[in-house]
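Subject: Handover of a structure and findings

Dear colleague,

Please find below the structure that I am handing over to you. My findings follow directly after it.

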Amino acid sequence: LDAQPEDFVHVSSHTRYDPMPMHDMGFRNLVLLDRGYDPVPPGYDLTVVKTLDELNTLLGI
């Protein structure tokens with residue numbers, strides 16, 4: 001893709017198998033769609049949203 005980690009936004013509703021490993025691989029634009037499955041882990045600088053509409057607003061869509 002000829003892209004860097006900062007060129008992506010990763011969105012997920014589970015912390016353990018998505019944003020935590022993505023953070024460890026150098027991705028920083030991480031969004032947690034908080035559906036109440038997992039606690040929000042400290043230290044990962046996740047942007048937390050409750051709905052996809054909220055995410056769309058943040059992205060300017």
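This is a predicted model: local features need pLDDT of at least 70, side-chain atom pairs count only at pLDDT 80 or more; totals for chains, interfaces and linings use all residues.

The model contains an open sheet of 3 strands, arranged in the order 1-2-3 with parallel pairing. Strand 1 and strand 3 (47–49) are the edge strands; each has a single partner strand, so one side of each has no neighbour in the sheet. On average, and ignoring direction, neighbouring strands of this sheet are turned by 20 degrees against each other. Between strand 1 and strand 2 (residues 30–33), the parallel pairing extends over 3 bridges. Within this pairing, H10 is placed opposite L30, and V11 is placed opposite V31.

In a regular strand, side chains alternate between the two faces of the sheet. Strand 2 is covered on both faces: L30 and L32 are buried on one side, and V31 and L33 are buried on the other. Helix 2 (residues 52–59) lies across strand 1, strand 2 and strand 3, and it runs at about 135 degrees to strand 3.

Is H10 buried or exposed? Its relative accessible area is 18%, and H10 is therefore buried, the limit being under 20%. H10 belongs to strand 1. Apart from neighbours within four places in sequence, H10 contacts D18, P19, M22, N29, L30 and V31.

V11 has a relative accessibility of 35% and therefore counts as partly exposed. Together with V9, L59 and I61, V11 makes a nonpolar surface patch of about 370 Å².

The salt bridge

Side chains of opposite charge can pair when their charged atoms come close. The count for this model is 1 salt bridge. The side chains of K50 and D34 form a salt bridge, with an N to O distance of 3.1 Å. K50 is located in the loop between strand 3 and helix 2, and D34 in the loop between strand 2 and strand 3, so the pair ties together parts that are 16 residues apart in sequence. As for accessibility, K50 is exposed, with a relative accessible area of 54%, whereas D34 counts as buried at 16% relative accessibility.

A buried loop residue

The loop between strand 2 and strand 3 also holds L46. L46 is buried, with a relative accessible area of 16%. Which residues does L46 touch, not counting those up to four places away in sequence? They are T15, P19, L30, L32, V40 and P41.

Yours sincerely

Notes:
Residues are numbered from 1 along each chain as its sequence is written. Side-chain values use heavy atoms; hydrogens and water are left out. Patches are made of residues with over 30% relative accessible area and no salt bridge: like charges are joined within 9 Å, nonpolar side chains (Val, Leu, Ile, Met, Phe, Trp, Tyr) within 5 Å. Accessible areas come from the Shrake-Rupley method with a 1.4 Å probe; for residues, only the protein chains shown count as cover. A salt bridge is a side-chain nitrogen of Lys or Arg within 4 Å of a carboxyl oxygen of Asp or Glu. Buried means under 20% relative accessible area, exposed over 50%, partly exposed in between (1.4 Å probe, protein chains only). Two strands pair if DSSP finds at least two bridges between them. Helices (H or I, at least four residues) and strands (E, at least two) are DSSP runs, numbered from the N terminus. Axes are lines fitted to C-alpha atoms, for helices over the stretch in contact, and angles run from 0 to 180 degrees between N-to-C directions. Contact means heavy atoms within 4.5 Å.
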